[in-house]
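Open the model in your viewer and keep the sequence panel beside it. This tour goes from selection to selection.

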Amino acid sequence: MEKFFINTSQIINNNIIIKNEDAKHIAKVLRKKVNDEIYVTDEEKNTYLCKIILFKDHDVVCEISGKLNINTESNIDITLFQCIAKYDKMDYIFQKATEIGVKQIYPVVSNRVVVKLDDKTMTKKVDRWNKIVYEASKQSQRTIIPNVENIIFLKDICNLCTNYDIILLAYEQDNTNLKEILKKCKKNEFKNIGIIIGPEGGFDISEVELLKCDKIVPVSLGKRILRTETASLALLSNIFYELEDI
Ligand code: SAH
């Protein structure tokens, strides 16, 4: 069943009012009718089963039939630090990372990022990525919508370290085995994990040296070189496979 996200302010007594793009989607794309049902999740992670009772102007009014005990979120919080890749690769990575279960995303500028962005195009990009993540969250029945933060520089990650138990820096020239690192994460019950993925041209050795610290550890994803979009999704999947309680 289709799911939508709302703010708690859209709940009025036992009704929920859906507006704007989501209302248009329900009426025009999904062609829902009165009495059809949808799932709605609010900011406090409550999910409701709702029945559409009225199409009014551009809004869709639903009645709450019941509160559901659904939480599709993982016990592991993963933040993706993704160096900016060319063309529409970032759209693809963020959409898939959302489906897999990422909690937060930082687009990152590193030495070998070739995409040039000024302040205006940056804001536009981040808005676009947040829209993509929003749609992917609905489609994959997430309970929360991951946030795409403003673009940061690679070195800024050092200042964010305290938010994480560990940050894995995917570096193809390292030989630290991911399995071993994930065993350590499991043993120490790490729940807050960051991952850093380089751009198409990879990282400079100087960048890796600069980042290395107690919290940031380089890891290898195996003997083969993956494209940046493959590396992010492979690493995310591996972490969830090893650490998520299902
Ligand atoms: N340095 C290479 C490849 C970069 S691949 C080049 O010059 O073309 C893009 C990014 O994916 C890398 O920066 C790294 O973060 C990640 N990656 C790809 N394959 C990897 C592997 N086998 N182990 C760890 N990280 C990998």
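How many helices and strands are there in the chain? Colour by secondary structure and count seven helices and 13 strands. Here helices (H or I, at least four residues) and strands (E, at least two) are DSSP runs, numbered from the N terminus. This is a predicted model, in which local features need pLDDT of at least 70, side-chain atom pairs count only at pLDDT 80 or more, and totals for chains, interfaces and linings use all residues. Residues are numbered from 1 along each chain as its sequence is written, and side-chain values use heavy atoms, with hydrogens and water left out.

**The whole chain**

Zoom out. Along the principal axes, the C-alpha atoms fill a box of roughly 60 × 45 × 30 Å. Now colour by accessibility. Of the 246 residues in the chain, 45% are buried. Buried means under 20% relative accessible area, exposed means over 50%, and partly exposed lies in between (1.4 Å probe, protein chains only).

**First stop: the largest pocket**

Select Phe5, Ile6, Asp22, Tyr134 and Ile145. Of the 23 residues that line the largest pocket, these are the closest to its centre. The space in this pocket is about 550 Å³. A pocket is found on a 1 Å grid over the protein atoms alone: it is an open set of points where a 1.4 Å probe fits, with protein on both sides within 12 Å along at least five of seven lines. Lining residues have an atom within 4 Å of a point. Grid points are joined across faces, edges and corners, and the volume is the space filled by probe spheres set on the points.

Which elements give two or more residues to this lining? Highlight helix 1 (20-29) and helix 3 (119-139). Helix 1 gives the most, with six residues.

Next, colour by domain. Domain 1 (3-68) and domain 2 (77-243) each supply at least three residues to the lining of the largest pocket. These bounds come from an automatic or database domain assignment.

Then colour the lining by class. It has seven nonpolar, six polar and ten charged residues. Ala, Val, Leu, Ile, Met, Phe, Trp, Tyr, Cys and Pro count as nonpolar; Asp, Glu, Lys and Arg count as charged; the others, Gly among them, are polar.

**Second stop: the second largest pocket**

Move to the second largest pocket, with a volume of about 300 Å³. Select Glu172, Ile225, Leu226, Arg227 and Ala231, the closest to its centre of the 21 lining residues. Helix 7 (residues 228-243) provides the largest share of this lining, three residues. By class, the lining divides into ten nonpolar, five polar and six charged residues.

Stay on Ala231, which sits in helix 7. Is Ala231 buried or exposed? It is buried, with a relative accessible area of 8%. Draw a distance from Ala231 to Ile197: they are 34 residues apart in sequence and 7.0 Å apart in space, C-alpha to C-alpha.

For Gly201, it is 3.5 Å. The cut-off for a polar contact is a pair of N or O atoms within 3.5 Å.

Most residues other than glycine have a negative phi.

- Asn35: phi is near 85 degrees. Look in the loop between helix 1 and strand 4 (37-41). Asn35 is exposed, at 52% relative accessible area.
- Asp57: phi is about 50 degrees, again positive. Look in the loop between strand 5 (47-56) and strand 6 (59-68). Asp57 is exposed, at 70%.

Select Lys67 in strand 6. Lys67 is exposed, with a relative accessible area of 57%. Leu49 is 18 residues away in sequence, yet 6.3 Å away in space, C-alpha to C-alpha.

Finish at Asn150, in the loop between strand 9 (147-148) and strand 10 (152-153). At 58% relative accessibility, Asn150 is exposed. Asp119 lies 31 residues from Asn150 in sequence and 11 Å in space, C-alpha to C-alpha.

How values were computed: Polar contact = N/O pair within 3.5 Å; in protein donor to acceptor, adjacent residues only side chain to side chain.
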